[in-house]
Amino acid sequence: MQQHGILLFAHGARDPLWARPFEAVARQLRERAPDTPVVLAYLEFMSPDLRGAAHALAAQGCTAVSVLP
């Protein structure tokens, strides 16, 4: 059976406060779909990066991932 995951991909910034709205979106998705793993990744300056987030989803058993900008 296929496990679907969601990877939210944001640009990133040097100011960690910049990530708060994106973290809120990720939190809301997790609340609405508690059986679907959701991770947030950043293009630059912040962690995790795209590769790290994809590995995190794979470690949770995801075999399909939707990447949403």
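This report describes the fold, surface, cores and selected residues of a predicted model.

## Basis of the model

The model is predicted, so local features need pLDDT of at least 70 and side-chain atom pairs count only at pLDDT 80 or more, while totals for chains, interfaces and linings use all residues. Residues are numbered from 1 along each chain as its sequence is written, and side-chain values use heavy atoms, with hydrogens and water left out.

## Overall fold

Two helices and three strands make up the secondary structure of the chain. Their order from the N terminus is β-α-β-α-β. Here helices (H or I, at least four residues) and strands (E, at least two) are DSSP runs, numbered from the N terminus. The chain has a radius of gyration of 12 Å, close to the 11 Å that the globule rule gives for 69 residues, so it is as compact as a globular protein of that length. That radius is taken over C-alpha atoms, and the globule rule is 2.2 Å times the number of residues to the power 0.38.

Along the principal axes, the C-alpha atoms fill a box of roughly 40 × 25 × 15 Å. Of the contacts with a separation of 6 or more, 68% are between residues 24 or more positions apart; contact means heavy atoms within 4.5 Å.

## Surface and charge

Buried residues account for 29% of the 69 residues. Buried means under 20% relative accessible area, exposed over 50%, and partly exposed in between (1.4 Å probe, protein chains only). The chain has an accessible surface of about 4,800 Å², and carbon and sulfur atoms hold 56% of it. These areas come from the Shrake-Rupley method with a 1.4 Å probe; for residues, only the protein chains shown count as cover.

There are 6 positive and 6 negative side chains, and the centres of the two sets are 1 Å apart. Lys and Arg count as positive and Asp and Glu as negative, without His and the chain ends. Each charge is placed at NZ of Lys, CZ of Arg, CG of Asp or CD of Glu.

## Nonpolar cores

A nonpolar core is a set of buried Ala, Val, Leu, Ile, Met, Phe, Trp, Tyr and Cys residues joined through side-chain atoms within 4.5 Å. The largest one has nine residues: Ile 6, Leu 8, Ala 10, Ala 19, Ala 26, Val 38, Leu 40, Tyr 42 and Met 46. Two or more residues of this core come from each of β1 (4-10) and β2 (38-42). Apart from it lies another core of six residues, including Val 39, Ala 41, Ala 53 and Cys 62.

Leaving out residues up to four places away in sequence, Met 46 touches Gly 12, Ala 13, Asp 15, Pro 16, Trp 18 and Ala 19.

## The loop between β2 and α2

Phe 45 is found in this loop and, although not a glycine, has a positive phi of about 70°. The residue is partly exposed, at 46% relative accessible area. Pro 48 lies in the loop between β2 and α2 (50-59) as well, and a cis peptide bond with omega of about 0° joins Ser 47 and Pro 48. Most residues other than glycine have a negative phi, and most peptide bonds are trans.

Leu 57, in helix α2, is buried with a relative accessible area of 0%. Not counting residues up to four places away in sequence, Leu 57 touches Gly 5, Ile 6, Leu 7, Pro 37, Val 38, Val 39, Cys 62 and Val 65.

Asp 35 lies in the loop between α1 (20-32) and β2 and counts as exposed at 70% relative accessibility. Asp 35 and His 11 are 24 residues apart in sequence, with their C-alpha atoms 26 Å apart in space.
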